[in-house]
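Please look over the structure shown here before reading the briefing that follows. The notes are grouped by topic.

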Amino acid sequence: MAIHNSYSVDVAYIDFCKAFDSVCHSKLIRKLESVGIGGKLLSWINDYLSNRTQRVKVGNCFSSLSNVCSGVPQGSVLGPVLFLIYINDLIDVFGNFLSVKLFADDVKVYAVLDSDVKVHLLQEGLSRLKNWSEAWQLDVSIHKCSMLHIGCDVKRTANECHSYTLGGIQLSDVCETTDLGIIIDSKLRFDKHITSMVRKAHIRAALIKRCFKSRDRDLLFRAFVVFVRPLLEYCSSVWNPSYYCDVDKIESVQRRFTKNIGTLSSLTYLERLDVLHAEPLELRRLKCDLTMMFRIIHGYCALDRSSFFTLHNSCTRGNKFKLRKQFSRVNCRLFSFTNRCIDAWNSLSDDVVCAPSVQVFKCRLVRFLLSNGGFTNKF
């Protein structure tokens, strides 16, 4: 939306240094008390963290024992929960003037630069983050931090991007970064992510052909479904492409793999999928998008429907949850999740969009696609 309105977004990606090992036990206990944990439970957690030792094993030899004076036990069930409680109040230091997202020890702070004041507010937020990290003894790993400038204001060029500092050290400007496994670039194109993802998928698919002695087509395709297809579908609602070159690039992984299975090489791609009881990857991504839309519209996930979609209240045809397609000035918004599947959603019947649960919606969607021949005939 910021790019649509000719604004840019500056995003600071912050990473803490050895965050899980740096948690101060006494300060963690203090935070547990502040959220209402006390009595025997607090004493139990305190005992759980105290008097722990560790040593290193190499072969049959062990090092001497070393006391663990900080950190939460990694590999445990309770460890991540304790760390989240420890870091959760970080968002309070930014107030209401900045947007913040946390995932484990990764922090993302960003602001829409609709005025020069936002630049100073973002810098102020970074300064507050540094003060918080020093107070709670979580050191920031400066060399892992970066600043991504998304979009471009009409009043500035790419060479005029603002610089930000953290603890007196300037954050490095990057053209792309990996955000929870997704490569994000300054134009929100996702073509670099798709290229990287497809390359990894081809390598893994080739590895299956080399490592499996069996030539049974069902076994090989099952291996593809388990080890390769998740690479091609992870968070697809974020990056699902609309450019045919990217769609074909992703589809080529499954097309090439199925062509080399048993006696299927003489069949067309759709015929091979029919024999294997599979679907084109593009159709699977569409179903994933529609399922996510259903979750948002009916409140099955913690996302505000009004931030994504607008109901078409005055419609005389279509389903009860028909959506209004918004005007898009730029392609990154036109092809985004909020716009690209509205036509497909509006074509669904009331029986599908009014399903009582997500699982029922998926079943009814499959029946609807079968009865209407699907939404795509590109293969």
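How many of the 17 residues of helix 11 are buried? Of its 17 residues, 13 are buried, so helix 11 is largely enclosed by the rest of the structure; here buried means under 20% relative accessible area, exposed means over 50%, and partly exposed covers what lies in between, with a 1.4 Å probe and protein chains only. The model is a predicted one, in which local features need pLDDT of at least 70 and side-chain atom pairs count only at pLDDT 80 or more, while totals for chains, interfaces and linings use all residues. Residues are numbered from 1 along each chain as its sequence is written, and side-chain values use heavy atoms, with hydrogens and water left out.

**Helix 11 and its surroundings**

- Helix 11 covers residues 281–297 and reaches 24 Å from its first C-alpha to its last, close to the 24 Å expected at 1.5 Å a residue, where the expected span is 1.5 Å times one less than the number of residues.
- Helices (H or I, at least four residues) and strands (E, at least two) are DSSP runs, numbered from the N terminus.
- Lysine 287 lies in helix 11 and, because its relative accessible area is 16%, counts as buried.
- The residues that lysine 287 touches are Glu279, Leu365, Val366 and Leu369, not counting residues up to four places away in sequence; contact means heavy atoms within 4.5 Å.
- Between the C-alpha atoms of lysine 287 and glycine 75, which are 212 residues apart along the chain, the separation is 35 Å.
- After helix 11 comes glycine 299, with a positive phi near 75°.

- An open sheet is formed by 5 strands in the order 6-7-1-8-11, with mixed pairing, and two strands are taken to pair if DSSP finds at least two bridges between them.
- Strand 6 and strand 11 (172–174) are the edge strands, each pairing on one side only.
- Strand 1 (residues 9–15) runs antiparallel to strand 8 (residues 146–150), to which 5 bridges join it, and it also runs antiparallel to strand 7, with 7 bridges.
- Aspartate 10 has histidine 149 as its bridge partner in strand 8, and alanine 111 as its bridge partner in strand 7.
- Strand 6 (residues 99–103) and strand 7 (residues 106–112) are antiparallel and joined by 5 bridges; valine 100 has valine 109 as its bridge partner in strand 7, while serine 99 has tyrosine 110.

- Most residues other than glycine have a negative phi, and most peptide bonds are trans.
- Alanine 104, in the loop between strand 6 and strand 7, has a positive phi near 55°, and at 25% relative accessibility it counts as partly exposed.
- The hairpin of strand 6 and strand 7 that contains alanine 104 has 2 residues between the strands.
- Histidine 277, in the loop between helix 10 (269–276) and helix 11, has a positive phi of about 55° and counts as exposed at 75% relative accessibility.

**Nonpolar cores**

- The largest nonpolar core has 39 residues, of which Ile14, Phe16, Leu90 and Leu129 touch the most other members; such a core is a set of buried Ala, Val, Leu, Ile, Met, Phe, Trp, Tyr and Cys residues joined through side-chain atoms within 4.5 Å.
- The elements giving two or more residues to this core are strand 1, helix 1 (25–34), helix 2 (39–49), helix 3 (78–87), strand 7 and helix 4 (116–135), and helix 4 gives the most, with 5 residues.
- Apart from this core lies another, of 35 residues, among them Leu148, Ile182, Phe221 and Trp239.
- Isoleucine 14 has contacts that include Asp105, Val107, Leu126, Leu129 and Cys145, not counting residues up to four places away in sequence.

**Cysteines**

- The structure holds 0 disulfides, a disulfide being a pair of cysteine sulfur atoms within 2.5 Å.
- For cysteine 17, which is in no disulfide, the nearest cysteine sulfur is that of cysteine 145, 10 Å away, and cysteine 17 itself is partly exposed at 34% relative accessibility.
- Cysteine 69 has its sulfur 9.1 Å from the closest cysteine sulfur, in cysteine 24, which is too far for a bond, and with a relative accessible area of 67% cysteine 69 is exposed.
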